[in-house]
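Colleague: Good morning. Could we go through this model together, beginning with the ligand and then turning to the chains?

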Amino acid sequence: MSIEIRGLTHTYNPGTPLARTAIKDINLTIEDGETLAIIGHTGSGKSTLVQHLNGLLKPTSGTIKVDGVDINQKGVDLRSIRWKVGLVFQYPEHQLFEETVWDDVAFGPRNMGLSDEEVRSRVERALAAVDIDMALAERSPFELSGGEKRRVAIAGVLAMEPSVLVLDEPTAGLDPRGRQDMLGQIQRLQAERHLTVVFVSHNMAEVATLADRLVVMERGEIVMEGPPKTIFAQGDKLGAIGLGVPEMTALMAKLREKGWDVPDSVLTVEEAEEAIMAVLRREARVGTGGDL
Amino acid sequence: MVPVATFRHITIGQYIPGESLLHRLDPRTKILVTLLLVVGLFFIDTYLGYGLAALYIALAIFRSGIPPRFLFRGLRPVIIIILLTFMLNSFMTEGEILWQWGFLTLTKEGLSKGGMLAIRLILLIVGTSILTLTTSPLALTDGLESLLRPGKRIGIPAHELAMMMTIALRFIPTLLEETEKIMKAQMARGADFESGNLLQRARSLLPLLVPLFVSAFRRADELAVAMEARCYRGGEGRTKLKQLAFHTADFLVLAGSGCFVLWLALTM
Ligand SMILES: Nc1ncnc2c1ncn2[C@@H]1O[C@H](COP(=O)(O)OP(=O)(O)OP(=O)(O)O)[C@@H](O)[C@H]1O
Ligand SMILES: [Mg+2]
């Protein structure tokens, strides 16, 4: 399912002294089946942008089309849009409320008016997708660890089986292991269910490994857009707006400064290893290793 | 989206930073004048008196630099109460009958009394909003604490009251923000806060209220720990970074407003 954003502007508290334009004239097309990452400094308008994707915020001006339908038109059932575009908020564990994990995950499907049978199978699938053991299903969500709570909250959105999954900083505040698990789960979901994934992140390495395409936001506007390799090759430009590049990309830049002939499009440890090995092998063949 | 939007209209207790004369006055001056005005409004019972009071408040709004539109928006949540007051008084007071329909009788005296009460309510709300709009919560509680301090001897816990108020005021916007966020998160899962009968609606609030209470308790806990970590032990021996001080403007405003409001209350 594709989402088309045209000329989107949002002003909070319009017409008051507290008015603040959080995003200005955003044009963006989210393609069916892609994984899109949104990065940007704190306050650059990322959360504001993603809350428009399922109609939680109304544009001050501009349009959002989900599957060709303008979602802010009169007569469009926003609830049905929200089944299609599942939005996971920043710190979603703060929205848990039911007595048991099971009931909390079932909240969305029940709101959809599905049969008990269907609700049960969806909850089971959703919990399995985020690796939550069925033994936890009868526990209170408030008794879980932080990482488990986060996964249960995400399962609550997954259980609606949306075609687009929007995640606002899904890994914020998780430990490295929790991060890895979360990313693995998102990747798996994307592959298995042919989901379109949009996620906001502050972690460049995570963006580099997961996303097909990056959108860089600065002061409410999109300033860069493209595949991670192209974006991260422009480290200076990113640096100017207070963002970094993945560690390995930075390492390659340092090596290039020292005269190593490594590419600027390296994102992951594996690619870095390969690039360095390639240089070393070349050196060995020429026979002048050592002095670099 | 209706409930989410309504929170934006709550201007009571909101502060708009500025540099106007009203902003710069000592908080105690503003509290005393507001108090006097509130009490005075209950003594006025002529339309001329209300007209003059309204003029006085209009002058204050003008000097505060706050857009009037913004102030009147604060009236929106209470408009029902104002209308109800007006209607009840117009139809329930005995006197010269102007219009009759079934058991409803509109009287001249009722109309006059209802109108006056409605104006009084509006002036009360607008008048007190000016105080909170031009005074930061910190200054406000500082002022209150200072005004209540003489009452310590008769057992009024001035510092504790002020501290409680500071914390409450500080957390109103946070809680509203939190409410809005949780509401949106539940709406993303298809929650419906608007339709259904009373029981269904009350039930539909659970997904909002439970997380809200959980977060309020968590915040209270964190705040208590943070305050203890910074050695807070109550008001005894505490000094202030910003000392309150009356200036010439304060004396002028106090004397001028005091005389004017007293005159209004006693003669109008
Ligand atoms: N409910 C709101 N009311 C008023 N202003 C808001 C509201 N939400 C956000 N803003 C303002 O809009 C701007 C963009 O905020 P937004 O939350 O979209 O940023 P963000 O990019 O998600 O930041 P972060 O990385 O910190 O989550 C900020 O300046 C913020 O102060
Ligand atoms: Mg955000």
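Modeller: An oxygen atom of ligand 1 is 3.1 Å from an N or O atom in the side chain of A:H202, within the limit for a polar contact, a pair of N or O atoms within 3.5 Å; within protein, one must be able to donate a hydrogen and the other to accept it, and residues adjacent in sequence count only if both atoms are side-chain atoms. The protein buries 72% of the 630 Å² that ligand 1 exposes when taken alone, with accessible areas from the Shrake-Rupley method and a 1.4 Å probe; for residues, only the protein chains shown count as cover. Please note that this is a predicted model: local features need pLDDT of at least 70, side-chain atom pairs count only at pLDDT 80 or more, and totals for chains, interfaces and linings use all residues. Residues are numbered from 1 along each chain as its sequence is written, chains are lettered from A and ligands numbered from 1 in the order in which they are written, and side-chain values use heavy atoms, with hydrogens and water left out.

Colleague: Where does ligand 1 lie, and how many residues surround it?

Modeller: Ligand 1 lies between chains A and B. It is surrounded by 16 residues, the closest being A:R20, A:T42, A:K46, A:S47 and A:T48; a residue counts if one of its heavy atoms lies within 4 Å.

Colleague: Which element gives the most to that shell?

Modeller: That is α1(A), with three residues. Both β2 (20-30) and α1 (46-50) of chain A supply at least two residues each; helices (H or I, at least four residues) and strands (E, at least two) are DSSP runs, numbered from the N terminus.

Colleague: What lies 3.0 Å from an oxygen atom of ligand 1?

Modeller: A backbone N or O atom of A:G45 does, and so does a polar side-chain atom of A:Q90.

Colleague: Changing topic, how many residues of chain B are in contact with chain A?

Modeller: There are 25 on chain B, in contact with 32 of chain A, where contact means heavy atoms within 4.5 Å.

Colleague: Which side chains meet in a salt bridge there?

Modeller: Those of B:R189 and A:D104 do, at 3.0 Å from N to O. The rule, a side-chain nitrogen of Lys or Arg within 4 Å of a carboxyl oxygen of Asp or Glu, finds one salt bridge across this interface.

Colleague: And how many residue pairs are in polar contact?

Modeller: The count between chain B and chain A is seven, with both residues at pLDDT 80 or more. On the side of chain B that touches chain A, the largest share, seven residues, comes from α9(B).
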